[in-house]
Amino acid sequence: MTKPRDHGGGVDAAAIAYGGTRADWIDLSTGINPVPYPLPPIRPEAWTALPDEAASQALEAAARSFWRVPDSAAILATPGASAIIARIPALAPAGVVDIPAPTYNEHAAAFAAQGWQMGSDNVSAKVIVHPNNPTGHWYDAAEVTAPLTIIDESFADVAADRSLIHLADQPGRIVLKSFGKFWGLAGLRLGFAIGPEDLIAQLSQLTGPWPVSGPAQDIATAALRDHDWAMATRKRLEGDAARLDALMTDAGAKVAGGTLLFRLYRVTNAAAWQDRLARQHIWTRIFPYADDLIRLGLPAPGDWARVEAVL
């Protein structure tokens, strides 16, 4: 069996190691909004019938408006961003792909599985995670140069003005969006690939019919139409990120990056920090490539008191 790649989450395993039930734990190991979008009413037929064309078109229109997608770019809704990440390397013959590290590790795994080599010279493809996970680095449009360039904007909805969505209609460009992060509904498993019609048509063939469930369509359409919620959420996340930074720096950590959905800190011993917090049933993220970095997501409104007490 292949060893699972390093990701956030894993609270069940943490509970086995440190005790308590899942309900006892505060999970700060991911970058998921802890105040999710409130679920709207769902049409009864969304549960009982295959997703219809009208619902698909409504979701696409909402996505096009919310992200200001260029008119000539196509949109494909998928069962999570990870599902489409696994399929993208099949769009071109295997060559050399540039994936600046450290970053979300599923991109490199997907390309490697299709026979691609990692490198930065004579590249056929490039992946930029914008903003990067875990550093929070934002890229410039001038850095989008490879014949096939994937722009993973899973966390970009915290700062819509910094999106590179305007590149989505250019040849060889694909912008990825993740619904689970900003809207806090990761269990819905919904993502989007946005790009030129030829590439999106190829991806559509690879994903097959009805890739997104009817309930997911209804929920996402309502959420993407709710611009007021998005603006209020960005403002709240900004305040919460600053609050967490203040707590961590007072405890001896230094801000090393991150986004409004997760914060990255430099500490003397990341494993010791994770262990100390885990003993109080607070789960965080550390990295196998850096023993001095720890990443924390934002606490939910009812969890701040516990986090403050531990720190």
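Strands (E, at least two residues) and helices (H or I, at least four) are DSSP runs, numbered from the N terminus.

This is a predicted model, so to speak: local features need pLDDT of at least 70, side-chain atom pairs count only at pLDDT 80 or more, and totals for chains, interfaces and linings use all residues. Residues are numbered from 1 along each chain as its sequence is written, and side-chain values use heavy atoms, with hydrogens and water left out.

**Entry: hairpin.** I found β9 (residues 254-258) and β10 (residues 262-266) pairing in the antiparallel sense over four bridges. The two form a hairpin with three residues between them, and G258 stands opposite R263 in β10.

**Entry: cavity.** I worked on a 1 Å grid over the protein atoms alone: a cavity is a set of points where a 1.4 Å probe fits but cannot get out, a pocket is an open set with protein on both sides within 12 Å along at least five of seven lines, and lining residues have an atom within 4 Å of a point. Grid points are joined across faces, edges and corners, and a volume is the space filled by probe spheres set on the points.
How many cavities of 30 Å³ or more does a search of the whole structure find? I got one. The largest cavity holds about 30 Å³, and its lining is I85, I88, P89, H107, A110, F111 and I150. Helix α5 (residues 106-113) gives the most to that lining, three residues.

Entry: Of its 18 lining residues, S56, L76, A77, P211 and Q217 are the closest to the centre. Helix α3 supplies the largest share of the lining, five residues.

**Entry: backbone.** Most residues other than glycine have a negative phi, and most peptide bonds are trans. I noted two cis bonds here: A101 to P102 and H130 to P131. P102 is in the loop between β3 (96-98) and α5, while P131 is in the loop between β5 (125-129) and β6 (148-152).
Is N122 buried or exposed? With buried meaning under 20% relative accessible area, exposed over 50% and partly exposed in between (1.4 Å probe, protein chains only), N122 counts as exposed at 75%. Its phi is near 50 degrees. H281 has a positive phi of about 60 degrees, yet H281 is buried at 18%.

Key
Two strands pair if DSSP finds at least two bridges between them.
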